[in-house]
Amino acid sequence: MTQHDPVQKARADLTAGINKLFAASAMSASGHGNISVRIPGHDDRLLVNAGELLRPWPADDLRVAAPALRTVNDDVVVVGLDGTVHEGTPSPSVAAILKMHIGVYQARPDVNAVIHTHSPYATSYALAGVSLPARYEALLVHGQPVDIPVAPWAPRGTEEAVRSIAETFAAHPRTYAILLGNHGLLVAGDSARHAASLVVAIEEAAVSSIGAEPLGGPAPFPDHVHDLDLRLRFEEPTA
């Protein structure tokens, strides 16, 4: 495979998204999460992380003496939108969430990447069942001009959970992100890089919104903000 191969291109975007999440400390202490991207030229197929997002350094690597030091796991599976696994073998935890990812692509044909995390402060809103207000400018910059709604809880991987997610996206067509009730965060994007940047902005917004509460809460934007185009356009990196 070359760097121009569609799977390799998708893998590069997926890996860049994972790196961005951890570099910004937007992940929970466990590092749990999952990420998928559409394969360019194959809109009905997804590249999904096969296992945990991070893995330990090889045992013979001198840096393994640092027990917390891990590296991005770029093991992937190719999955169709019908749920068929075409290449690779997903871990049990990833297999359980494939329907969730597929459901987002079916509900939002315009998106090309989906990321699920347990980012701690955003997840605080999910646990409380409270939507996260879009009062932080970075949300607008990354294409999230509306409050982030909460999808009611349902057991992970079930048809009920997939339906709850799809219905929440359908009810909020301008949102790229939803909070999974009693669970975590689910973010879609134009690419994995875009989705990861939005996860980071959402976690920052959650931290700052909670911090603003004793001061009276986050102030709303002026009405004319809706007439402005503040969205940052994510360019494809050149080879």
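Tutor: A cavity is a set of points, on a 1 Å grid over the protein atoms alone, where a 1.4 Å probe fits but cannot get out. The structure is a predicted model, in which local features need pLDDT of at least 70 and side-chain atom pairs count only at pLDDT 80 or more, while totals for chains, interfaces and linings use all residues. Residues are numbered from 1 along each chain as its sequence is written, and side-chain values use heavy atoms, with hydrogens and water left out.

Student: How many cavities of 30 Å³ or more does the structure hold?

Tutor: One cavity reaches that volume. The largest cavity has about 120 Å³, a volume being the space filled by probe spheres set on grid points joined across faces, edges and corners.

Student: What makes a residue part of the lining, and which are closest to the centre of the largest cavity?

Tutor: A lining residue has an atom within 4 Å of a point. The largest cavity has 14 such residues, and Ala154, Ala161, Ile165, Leu180 and His183 are the closest to its centre. Helix α6 (residues 159-171) gives the largest share of this lining, three residues. By class, the lining has nine nonpolar, four polar and one charged residues; nonpolar means Ala, Val, Leu, Ile, Met, Phe, Trp, Tyr, Cys and Pro, charged means Asp, Glu, Lys and Arg, and the others, Gly among them, are polar.

Student: How is α3 placed against α6, and what is the angle called?

Tutor: The axes of helix α3 (residues 98-107) and α6 cross at roughly 30° and come within 9 Å. An angle under 35 degrees counts as roughly parallel, so α3 is roughly parallel to α6. The contact (heavy atoms within 4.5 Å) joins Lys99, Met100, Gly103, Val104 and Ala107 of α3 to Glu159, Val162, Ile165, Ala166 and Phe169 of α6. By class, the contact has seven nonpolar, one polar and two charged residues.

Student: Why are α1 and α7 called roughly parallel?

Tutor: Helix α1 (residues 6-23) and helix α7 (residues 192-212) pack at about 15°, with axes 8 Å apart. That angle falls under the 35 degree limit, so the two are roughly parallel. The residues in contact include Ala12, Ala16 and Leu21 of α1 and Ala192, Ala196 and Val200 of α7. This contact has eight nonpolar, two polar and three charged residues.

Student: What makes the packing of α4 on α7 roughly perpendicular?

Tutor: Helix α4 (residues 120-128) packs on α7 at about 70°, with the axes 7 Å apart. Roughly perpendicular covers 65 to 115 degrees, and the pair therefore belongs there. Among the residues in contact are Tyr121 and Tyr125 of α4 and Ile202, Ala206 and Ile210 of α7. They divide into eight nonpolar, two polar and one charged.

Student: Which residues lie nearest the centre of the second largest pocket?

Tutor: Leu140, Pro145, Arg174, Val225 and His226 do, out of 18 lining residues. About 300 Å³ of space lies in this pocket, a pocket being an open set with protein on both sides within 12 Å along at least five of seven lines. Its lining has ten nonpolar, two polar and six charged residues.

Note on methods
Axes fitted to C-alpha atoms, helices over the stretch in contact; angles between N-to-C directions. Helix = DSSP H or I, 4+ residues; strand = E, 2+ residues; numbered from the N terminus. Parallel < 35°, antiparallel > 145°, perpendicular 65-115°, else oblique.
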